[in-house]
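Dear colleague,

I am handing over the structure below, and I would be glad if you could look through it with the notes that follow it.

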Amino acid sequence: MPRAAGRVLRTFPWPEVGIASGLAAALFAAATALTSSIGFWLVLLALAGCGGAAAYVLDEASGPVVDASPTSRRRRFGWRLGLVVVPAAVGVVGLAMVGTADPAVPWRRLLLVLAGYLAIGVMTAAVLRSRGRAAPGDLAAVVVALGTSLVVLVDPLHQWVPVLPYDVAGWSRTAALWILTIVACVGAVIVGLRDPAAAPLLPRRTRH
Amino acid sequence: MTTMALPLTAARSRSSLSVLAWIEAKRFARHPMFLVGLGLAVWATVVIGSGGPASRGEVARGPENLDFQVIPGFLVGVFGFVVAARLTRSTSRSQEVMRGAPLSDTVRTAALCLACLVPMSAGLALVLLHAAIVTSDPPEEWIYGTYGSLEQVVIVGVLPVIFSVGGPLLGVAVGRWLRFPGAILLCVGILLFWCAWAAYSPIESMDASSPLSRVLHLLTPYTAWGQADGDGDVPSTEFTSFTGSPVWFALWALALCGLAVCAALWRGAEGRGRVIVGRSFVGLSVAALVFLGLAAMGGNDEPMVTTPDGVTRVVQSE
């Protein structure tokens, strides 16, 4: 069993997740060390880096080969999802560091945003995986990092639901938005990680 | 058996380059990420150019006009960086097949660099759109701080175009040199951090009038030229113009674009082409350093605050 676990662990995309998580850790460190107005922007960028790292966990270069093996995609990716712990840990520790350095801002509320970013990262990878990309991480990570940064900066729904949970009055709505996002992402991941040969979710229409 | 290698004639090489550049330009223009970035940039230009809530009389119009450069810079420049890097790497992945084609690596890379005219044109179109919006409803003069008319044109009209082409050119260089997974994300992160840090930190965290601070503020492919105290909801009451000369900075940014092209072409270049690229790199490096020095020495010596009544004063250091 330990030998099998070792073999499974060796197939994980450690370098990719490590690089992206390292980038996020460096940005958190810079946000803690710098005392200028860009600290907040750096924290958002670091969180986006965590989301980008999560987008690499489903990379499986030999995907088309192992898809034909008796081990289902869900089982294989169930193991791989454990890798999300790496960017999650970087994000939690990073937010704690920033919170200690700047206690005036409620940084801890960004834990929910971190969870949302991680979920969006895995969901984007799962969707690309279901569309035939064996290693979707490179594309998914950049899309997630740029996309989430953009949405948070523009805050398109700020009149109704602020994306960042700072406003005390809008906190519950923001929390609900992120929880809904996470739930939707989990659903999309479950659907996206179905085996290619599995029966379709909806019965196919037959033409007469 | 005798093997003869016949050099391609200049005319044939040129026509191959133009054909290949056209193909790469179409690939660039059709890339979903470029189209999404461009669409968002058009939307942001229209919303910010028309003043957003300010145009509806909800709040006073802020000094957002000088910040327009961030829209093409991020949505065309950074998105274009990713697109160019991915297109370059997709060509590199087919290396075994490409080797059979009668085209050198240098020609293929040059074609990718020429394809960067697509985001440059997009940046130019955004500048024209912004100019049309601003001309129809000109903002108050004080929001331009201490910048004269030439500097205003450079900040709002020239730099956005340079950022739009510079990002993709850097993407081609990164795609040529860095092949490991995660390289694009890493470079995007470093690029964004570098630009954000240099734009504000030297001004805020150091003695802004010191030579070191002034050089660090401009030692970047993108920088900010000012900052207002308002935001989308609160009207601005003052505008701080930063140090440095936008005109010389534009030349520095152009030199960086040239250096990115040289870096991309250097990999795989052989013979005389390698010598030309190497010499161009050295020449452009010297020019870039000169432009950087002039940009840091020119313009404002220290940050200046301008208020709506037109009064300008030096920022008091704490």
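Rings of Phe, Tyr and Trp, the last taken by its six-membered ring, are counted as a pair if their centres lie within 6.5 Å. Please keep in mind that this is a predicted model. On that criterion, ring pairs link B:Tyr147, B:Trp225 and B:Phe249 into a cluster.

B:Tyr147 belongs to the loop between helix 6 (117-136) and helix 7 (149-177) of chain B, while B:Trp225 belongs to the loop between helix 9 (211-218) and strand 1 (226-228), so the pair ties together parts that are 78 residues apart in sequence. B:Tyr147 is buried at 5% relative accessible area, and B:Trp225 is buried at 1%.

Over all chains, the search of the whole structure finds 10 aromatic pairs. One of them joins A:Phe40 and A:Trp107 in a tilted arrangement, with 6.1 Å from centre to centre and 40 degrees between the planes. This pair links distant parts of chain A, 67 residues apart, since A:Phe40 is in helix 3 (residues 39-54) and A:Trp107 is in the loop between helix 6 (85-101) and helix 7 (110-130). A:Phe40 counts as partly exposed, at 31% relative accessibility, whereas A:Trp107, at 5%, counts as buried.

Finally, there are arginines over rings in chain B: the charged end of B:Arg274 sits over the ring of B:Trp266, 4.0 Å from its centre, and B:Arg267 lies over the face of B:Trp177, at 5.1 Å from the ring centre.

Note on methods:
Residues numbered from 1 in each chain as written. Chains lettered and ligands numbered in written order. Predicted model: local features only at pLDDT ≥ 70, side-chain atom pairs only at ≥ 80, totals over all residues. Heavy atoms only, no water. Phe/Tyr/Trp six-rings, centres within 6.5 Å; stacked < 30°, edge-to-face > 60°. Helix = DSSP H or I, 4+ residues; strand = E, 2+ residues; numbered from the N terminus. Buried < 20%, exposed > 50% of the residue type's maximum accessible area, 1.4 Å probe, protein only. Lys NZ or Arg CZ within 6 Å of the ring centre and 35° of its normal.
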